[in-house]
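Let's look at how some labels on a structure follow from its numbers. Here is the chain to keep beside you.

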Amino acid sequence: MEKKRELYRGKAKSVYETDDPNHYIMLFRDDTSAFNGKKIEQLDRKGRTNNHFNFFIMKKLEEAGIPVHVEELLSDTECLVKKLEMVPVECVVRNVSAGSICKRYGVKEGLDLNPPTFEFFLKSDALDDPMVNDSHIVSFGWGTQEDIDTMRNLSYKINEVLKDLFDKAGLILVDYKLEFGKYNGQLILGDEFSPDGCRLWDKETRKKLDKDRFRQGLGGVIEAYEEVARRIGCPL
Ligand code: C5P
């Protein structure tokens, strides 16, 4: 597979065209950003860690019947993915309160959310990713009601698979963000699943083992990601 021009450069990943019109190469960089790009640092080994982590999780999800865009690990920092037409919303599932939901509703961090909450956010750096509802998505043409139902159902199904996987490794899956896109008309899980886009706490100590270590300046960011990988049996 030949890597061609960089098509898109996000805050932590780049997407390259290939000589195959149906596939892209996704490159995980060491760049780490938070607060919509206001805090940016290079963290050694992050690209490599997240690439392996993402591949491992996506394959677990695929085994559980979730359609995913990841096809093949190409190198320590690159993987081959299906070319999707992305739905411009982020899907967030929360099992425990943390982050923006605490600020928004004035609730304490660490409350069990049962049933888990599900939220949509519009992908827009310029607008700081505002929360949107089903009606906004349909009325503005970002997706159909059927797309919405599929994204919500897949997000909850993914929750069952991943809550269990992390629980067996002594970890609480607090919350996470997913993005979906279309391939031949079918909605498929795209983007990435890594400690950059989820919250994971140690079950016993509630130690944070995700990007909150970077956001909150707690240090040991990559060491925490590597510990999670080791605990779930993900080779790095
Ligand atoms: O900030 P908030 O609490 O809404 O984030 C919920 C979850 O979604 C967290 O795990 C966070 O890392 C993830 N997220 C993300 N990218 C965003 C917004 C949130 O990965 N743009």
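Q: What makes strand 12 stand out in the shell around the ligand?
A: Strand 12 gives the largest share of that shell, 3 residues. Strands here are DSSP runs of E with at least two residues, helices are runs of H or I with at least four, and both are numbered from the N terminus. This is a predicted model, in which local features need pLDDT of at least 70 and side-chain atom pairs count only at pLDDT 80 or more, while totals for chains, interfaces and linings use all residues. Residue numbers start from 1 along each chain as its sequence is written.

Q: How do you know which residues surround the ligand?
A: A residue is near a molecule or strand if its C-beta atom, placed from the backbone, lies within 6 Å of it. By that rule 13 residues surround the ligand, and the closest are G99, S100, K177, G197 and R199. At least two residues each come from strand 9 (89-96), helix 2 (100-105), strand 12 (171-178) and strand 15 (198-202).

Q: What makes up the shell around the ligand by class?
A: There are 4 nonpolar, 3 polar and 6 charged residues. Ala, Val, Leu, Ile, Met, Phe, Trp, Tyr, Cys and Pro count as nonpolar, Asp, Glu, Lys and Arg as charged, and the others, Gly among them, as polar.

Q: Why are helix 1 and helix 6 called roughly parallel?
A: Helix 1 (residues 46-63) and helix 6 (residues 221-232) pack at about 25°, with axes 10 Å apart. Axes are lines fitted to C-alpha atoms, for helices over the stretch in contact, and angles between N-to-C directions run from 0 to 180 degrees. Angles under 35 degrees count as roughly parallel, over 145 as roughly antiparallel, 65 to 115 as roughly perpendicular and the rest as oblique. Helix 1 and helix 6 are therefore roughly parallel.

Q: How do you know that the radius of gyration agrees with a compact globule?
A: The radius is taken over C-alpha atoms, and the globule rule is 2.2 Å times the number of residues to the power 0.38. For 236 residues a compact globule would be near 18 Å, and the chain has 17 Å, which agrees.
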